[in-house]
Amino acid sequence: MPEAIDFYFDFSSPYGYLASEKIDELARSHGRQVRWRPILLGVVFKHTGAAPLTLVPLKGEYSVHDFSRSARFLSVPYRHPTKFPLATQHAARAYYWLDDRDCATARVFAHSLFRALYAEGRDISDLDVVIELAARHGADRDLLSVALNGAELKQRLKGECDAALARGVFGSPYMIVDGEPFFGVDRLPQMDRWLTSGGF
């Protein structure tokens, strides 16, 4: 069985959202699966000294323009959030809680989170919104609420972020294919060719 593709992303990343809409289909076309691994860019930025694109002078205006243009290019619905950037620790922790129980449900939940933020304009930093979306896909509200407030799930996400940094992850989306790293949604065509040719 070929190795799964590791897909690192933050739910607050527009480019992560765009990649999320394409990566599973690309992987399937090569007989691969994808391991979705949400992380927190805030943790990564503390390590690298970077900042959210939209807060960087000059680059910020361009990035907002490019988010929408890239979405149109990929035929993915996109509406830039009113509240941006925003915290996504609740979303990421809820994902891992669901993934430990049923990875297929967690995947559907991840798509609903991304689309809620970037297509519907909802605030996914709001704990109630996260729980509502999870419950829509069968999660027990009470059990999830308790878990999200517990130390175990917080430590789980911290561990995932630490492991991502140890593998060289410095942004979102960041994909690793058989040890080969690819950063950015615009690298999906390169990844496709890499998988087709066995490297280049």
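I take helices (H or I, at least four residues) and strands (E, at least two) as DSSP runs, numbered from the N terminus.

**Basis.** I worked on a predicted model, in which local features need pLDDT of at least 70, side-chain atom pairs count only at pLDDT 80 or more, and totals for chains, interfaces and linings use all residues. Residues are numbered from 1 along each chain as its sequence is written, and side-chain values use heavy atoms, with hydrogens and water left out.

**Terms.** On a 1 Å grid over the protein atoms alone, I count as a pocket an open set of points where a 1.4 Å probe fits, with protein on both sides within 12 Å along at least five of seven lines; lining residues have an atom within 4 Å of a point. Points are joined across faces, edges and corners, and the volume is the space filled by probe spheres set on them.

**Second largest pocket.** I noted a volume of about 230 Å³. Its lining has 13 residues, with Val34, Arg35, Asp99, Cys103 and Arg107 nearest the centre. Two or more lining residues come from each of β2 (34-38), α5 (89-99), α6 (103-118) and α9 (151-166). The strand β2 gives the most, four residues. I sorted this lining into six nonpolar (Ala, Val, Leu, Ile, Met, Phe, Trp, Tyr, Cys, Pro), six charged (Asp, Glu, Lys, Arg) and one polar (the others, Gly among them).

**Largest pocket.** I recorded about 800 Å³ of space here. Its lining counts 38 residues, and Ser13, Tyr15, Leu53, Ser172 and Pro173 are the closest to the centre. The helix α4 provides the largest share, four residues. By class I found 23 nonpolar, ten polar and five charged residues.
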